[in-house]
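Good morning, colleagues. Please look at the display as I speak.

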Amino acid sequence: MNNLVAALYIASFALFIYGLMGLTGPKTAVRGNWIAAIGMGVAVVATLIEVRETAATNWVLIAAGLAIGVILGVPPARRTKMTAMPQLVALFNGVGGGTVALIAWAEFLETDGFSAFQHGEEPTVHIVVGSLFAAIVGSVSFWGSLVAFAKLQELLNKEVEKAFVARARTFQVLNMLLVLSAIAASVWIGLHATPGEGTATWWIVAVLIAAGLLGLFVVLPIGGADMPVVISLLNALTGLSAAAAGLALNNTAMIVAGMIVGASGTILTNLMATAMNRSIPAIVFGSFGGADASAAGAAADGGGGTVKSTSAADAAIQMAYASQVIVVPGYGLAVAQAQHAVKDMAAILESKGVEVKYAIHPVAGRMPGHMNVLLAEADVDYDSMKEMDDINGEFSRTDVTLVIGANDVTNPAARNDPSSPIHGMPILDVDESRSVIVLKRSMSSGYAGIDNPLFTADRTSMLFGDAKKSVHSVIEELKAL
């Protein structure tokens with residue numbers, strides 16, 4: 001039976017890795033998700049077989065847990081819109097971290113302060129260290145992910161959020177004290193906890209509380225512009241905590257799956273930070289965006305320049321007689337669900353001999369690949385979606401660039417203004433186009449909370465309104481030409 005469990009675990013790991021490989025592109029992403037899900041199902045079956053061999057009385061509780069997980073997990077996953085997917089990822093990730101923390105706590109209680117795991121008279125080091133690491137990191141991930149969810153879902157009071165962001169440096173000192181407290185309590189448990197002693201339970205509770213407060217106070221001062229990176233970082237931490245718990249429990253599935261999540265999450269976090277030209281410590285300890293808009297400059301006046309409005313008819317004429325049009329999608333496109341309308345507009349332009357391309361910034365939207373998934377959903381040819389490095393050289397040869405709801409990723413201040421909070425961040429060079437049309441509801445700022453000089457540039461005109469309705473208006477005008 002042990003050989004069967006080992007074989008099933010190996011099969012599940014292979015499916016995890018193969019499924020992850022499928023996530024490299026929209027064409028294979030759905031299949032990759034299904035393959036990885038099957039792998040998780042195989043791992044669950046293997047674990048159930050292993051549990052039945054050792055503790056058959058737990059089957060009722062295990063079945064109840066599986067049922068509750070399915071009931072709570074499937075409906076929101078099916079109903080959540082793509083625009084709210086980052087919140088769902090943050091919430092699900094937080095549940096994973098919280099589960100790991102609870103497992104570590106339960107094992108501490110079950111083993112009477114780890115005393116049941118002894119070689120001779122001392123607990124094995126990897127059991128104690130693994131469990132305590134899992135408790136700390138899992139708790140940080142759970143509470144930090146809840147804050148990230150609340151920020152993205154706009155559940156936090158704006159004034160409260162603004163106060164936290166403004167006091168980021170104060171929280172750095174507090175966070176350091178919490179880290180030291182959690183480590184000190186863990187060291188005490190590892191060295192001095194006596195089996196059966198009531199105070200040992202309070203020490204593990206102290207570890208969980210200190211780590212939970214750390215998760216809250218690390219994420220609360222971070223601005224909305226950095227939330228996608230924070231979610232990815234917390235996801236990596238959840239994976240590492242799961243691997244540590246697997247080490248303590250001698251569960252191969254948790255070790256391998258946790259390391260896969262930790263490694264992939266770390267790589268993704270680094271890629272996102274690089275795309276913003278910021279280090280991960282700078283994001284965690286020196287955030288910008290969200291409620292800190294006033295510190296970066298008010299964004300309602302468009303930077304003090306002159307805003308030129310345009311109409312759907314003028315936009316249609318410009319694009320119809322262009323040789324090349326580049327569409328730059330942003331979060332505004334996602335909110336308006338305008339991807340199908342954009343696809344229809346591109347089809348009309350291509351029928352008139354206009355070449356249409358899509359410029360995708362790595363952090364456009366609220367999570368990596370957000371725009372790629374939306375456009376793929378509308379059957380946009382994947383070859384037409386160009387990454388930033390591949391498309392930036394095209395803007396100077398482009399007649400019209402159509403920016404739909406994108407803001408910070410097109411802000412030329414990142415390139416031209418050393419005083420800008422986003423200075424140095426790689427952007428799409430849309431301002432080099434011969435003509436730029438920006439579709440937005442208003443002159444409001446993006447996540448970074450700063451002005452975008454592009455909106456008042458000489459070659460830019462603004463088409464105000466809901467993105468989907470504006471694109472449909474342009475389509476009607478194109479048909480009439």
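Strand β6, residues 400-404, is mostly covered, with 5 of its 5 residues buried. Please bear in mind throughout that this is a predicted model. The cover extends to both faces of β6: Val-400, Leu-402 and Ile-404 are buried on one side, and Thr-401 and Val-403 on the other.

What are the strand partners of β6? Strand β3, residues 324-329, runs parallel to β6 and is joined to it by 5 bridges. Within that pairing, Val-400 of β6 has Val-325 opposite it. Strand β7, residues 436-440, also runs parallel to β6, and here there are 4 bridges. Val-403 has Val-438 in β7 as its bridge partner.

I turn now to helix α15 and the residues around it. Which residues of α15 are buried? They are Gln-339, Ala-341, Val-342, Met-345, Ala-346, Ile-348 and Leu-349. After the helix comes Gly-353, which has a positive phi, near 90°.

Backbone geometry deserves a further word. Most residues other than glycine have a negative phi. Gln-337 lies in the loop between α14, residues 331-336, and α15. Is Gln-337 buried, partly exposed or exposed? Its relative accessibility is 31%, and therefore Gln-337 counts as partly exposed.

Asp-379 is another non-glycine residue with a positive phi, in this case about 65°. Asp-379 sits in the loop between α16, residues 370-377, and β5, residues 385-387. With a relative accessible area of 61%, Asp-379 is exposed; the cut-off for that class is over 50%.

Finally, let us consider a helix pair. How do α9 and α10 pack? Helix α9, residues 227-249, and helix α10, residues 252-275, meet at an angle of about 160°, and their axes are 7 Å apart. Because an angle over 145 degrees counts as roughly antiparallel, α9 is roughly antiparallel to α10. Their crossing is left-handed. As to composition, the residues in the contact of α9 with α10 comprise 16 nonpolar and 9 polar, with no charged residues.

Thank you for your attention.

How values were computed: Residues numbered from 1 in each chain as written. Predicted model: local features only at pLDDT ≥ 70, side-chain atom pairs only at ≥ 80, totals over all residues. Heavy atoms only, no water. Buried < 20%, exposed > 50% of the residue type's maximum accessible area, 1.4 Å probe, protein only. Helix = DSSP H or I, 4+ residues; strand = E, 2+ residues; numbered from the N terminus. Pairing = 2+ DSSP bridges. Axes fitted to C-alpha atoms, helices over the stretch in contact; angles between N-to-C directions. Parallel < 35°, antiparallel > 145°, perpendicular 65-115°, else oblique. Left-handed = near helix turned anticlockwise from the far one by under 90°. Nonpolar A, V, L, I, M, F, W, Y, C, P; charged D, E, K, R; others polar.
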